[in-house]
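Hi everyone, thanks for making time.

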Amino acid sequence: MRQALSDLGTLGITVTEVKGFGRQKGHTELYRGAEYVVDFLPKVKIEAAVADERVPFVIEAIEKAARTGKIGDGKIFVVPIQQVVRIRTGETGNEAL
């Protein structure tokens, strides 16, 4: 997915290791004879801020790169960004992306 986004000219992404659950709902494991429930599964959260006109292309690239057709492929959330300011230069808006 990183390469697919780079090929589109996306200059940066943030990757975070997180825990959560979706349709999998966790699972039960056996450790030293004791059974315990794993409620939250490890996941990867990827964030990329792009200009509005590039959003459809970025979504398509992520779908192509990440889709396996199995549970756990993930979701894409598109949220508006009110303002972007690059602190070092003072650039705002698309120039700051």
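**Salt bridges, a surface patch and a buried threonine**

Let's begin with a pair: Glu-91 and Arg-86 form a salt bridge, and their closest N and O atoms are 3.1 Å apart. Keep in mind that this is a predicted model.

How open are these two partners? Glu-91 is partly exposed, at 31% relative accessibility. Arg-86 also falls in the partly exposed class, with 29%.

Next up is Lys-64, which forms a salt bridge with Glu-60; here the closest N and O atoms are 3.1 Å apart. Where do they sit? Both belong to helix 2, residues 55-66, and because they are four residues apart there, about one helical turn separates them. As for accessibility, Lys-64 is exposed, with a relative accessible area of 63%. Glu-60 is partly exposed, at 39%.

Then there's Arg-67 with Glu-63. That salt bridge has its closest N and O atoms 3.7 Å apart. Arg-67 counts as exposed because its relative accessibility is 57%, and the cut-off for exposed is over 50%. Glu-63, on the other hand, is partly exposed, with a relative accessible area of 34%.

OK, moving away from charges. Which residues make the nonpolar surface patch? They are Met-1, Ile-13, Val-15, Val-44 and Ile-46, and the patch covers about 390 Å². You'll find Ile-13 in the loop between helix 1 and strand 1. Its relative accessible area is 32%, so Ile-13 is partly exposed.

Now stay in that part of the chain and find Thr-10. Thr-10 lies in the loop that runs between helix 1, residues 2-7, and strand 1, residues 14-20. Is Thr-10 buried or exposed? It's buried, with a relative accessible area of 9%. Buried here means under 20%, so at 9% Thr-10 qualifies.

And what is Thr-10 in contact with, if we leave aside its neighbours within four places in sequence? The list is Leu-5, Ala-48, Val-50, Arg-54 and Val-58.

Conventions:
Residues are numbered from 1 along each chain as its sequence is written. This is a predicted model: local features need pLDDT of at least 70, side-chain atom pairs count only at pLDDT 80 or more; totals for chains, interfaces and linings use all residues. Side-chain values use heavy atoms; hydrogens and water are left out. Helices (H or I, at least four residues) and strands (E, at least two) are DSSP runs, numbered from the N terminus. Buried means under 20% relative accessible area, exposed over 50%, partly exposed in between (1.4 Å probe, protein chains only). Contact means heavy atoms within 4.5 Å. A salt bridge is a side-chain nitrogen of Lys or Arg within 4 Å of a carboxyl oxygen of Asp or Glu. Patches are made of residues with over 30% relative accessible area and no salt bridge: like charges are joined within 9 Å, nonpolar side chains (Val, Leu, Ile, Met, Phe, Trp, Tyr) within 5 Å. Accessible areas come from the Shrake-Rupley method with a 1.4 Å probe; for residues, only the protein chains shown count as cover.
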